[in-house]
Amino acid sequence: MEHRGDRATLGATIERFIAWRKAAGLSPETSPTFNIFRSERIPANPADYSMDLCIGTDRPIDPDDALMKAGVIPGGRCAVLRVVHDTHNLEPAALYLYRDWLPASGEEARDFPIYCQRLSFFPEVPEHEAVAELFLPLK
């Protein structure tokens, strides 16, 4: 499910995503949940904010579905950074991967945005138990 536009409206997109997921019978316990970050967390123009909310499934997605569309996170090598506790703001971890780790590693980023897998998240677990893994695709 795409979210395009001001982050102030992201909560409504998340609610639609959760409702769609429940209606499709896809729970976070059995179907992995991902976010693909297609823009900066706070772009200069709020209307330029862009991210995708994703759930892993082998079920077909109806091409006429008004909310959800099928997509693929491409396989390949990634740098992975686990974030525990405050997973609402992954920007510091992403900046570390891009600004510190990547230049020192000798690796090169692949042409796909940074993304995360939500391993456990609020409200399914208390916020201090939330865990996400941030993936930086590499060539």
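Mentor: Gladly! In α1, the residues L10, T13, F17, W20 and R21 are buried, where buried means under 20% relative accessible area, exposed over 50% and partly exposed in between, with a 1.4 Å probe and protein chains only. Seen down the helix axis, these buried residues fall within an arc of 100°, so they line one face of α1; the arc is that of the directions from the helix axis to the C-beta atoms. An α-helix has 3.6 residues a turn, so residues three or four places apart point the same way. On the other side of α1, E15, K22 and A23 are exposed.

Before going on, a word on the ground rules. This is a predicted model, in which local features need pLDDT of at least 70 and side-chain atom pairs count only at pLDDT 80 or more, while totals for chains, interfaces and linings use all residues. Residues are numbered from 1 along each chain as its sequence is written, and side-chain values use heavy atoms, with hydrogens and water left out. Helices (H or I, at least four residues) and strands (E, at least two) are DSSP runs, numbered from the N terminus.

Now the length of α1. The expected span of a helix is 1.5 Å times one less than its number of residues; for the 14 residues of α1 that comes to 20 Å, and the end C-alpha atoms are 20 Å apart, which agrees. After α1 comes G25, with a positive phi near 70°.

What does the buried face meet? The buried residues of α1 pack against β1 (2–4), β2 (33–37) and β3, a contact being heavy atoms within 4.5 Å.

Of its 25 residues, W20, F37, L90, I114, L134 and L136 touch the most other members. Two or more residues each come from α1 (10–23), β3 (50–55), β4 (78–84), α2 (91–105) and β6 (131–137). The biggest share is that of α2, with four residues. Apart from this core lies another, of six residues, among them F34, I36, C54 and F135. C54 counts as buried, at 18% relative accessibility.

Conventions
Core = buried A, V, L, I, M, F, W, Y, C linked by side-chain atoms within 4.5 Å.
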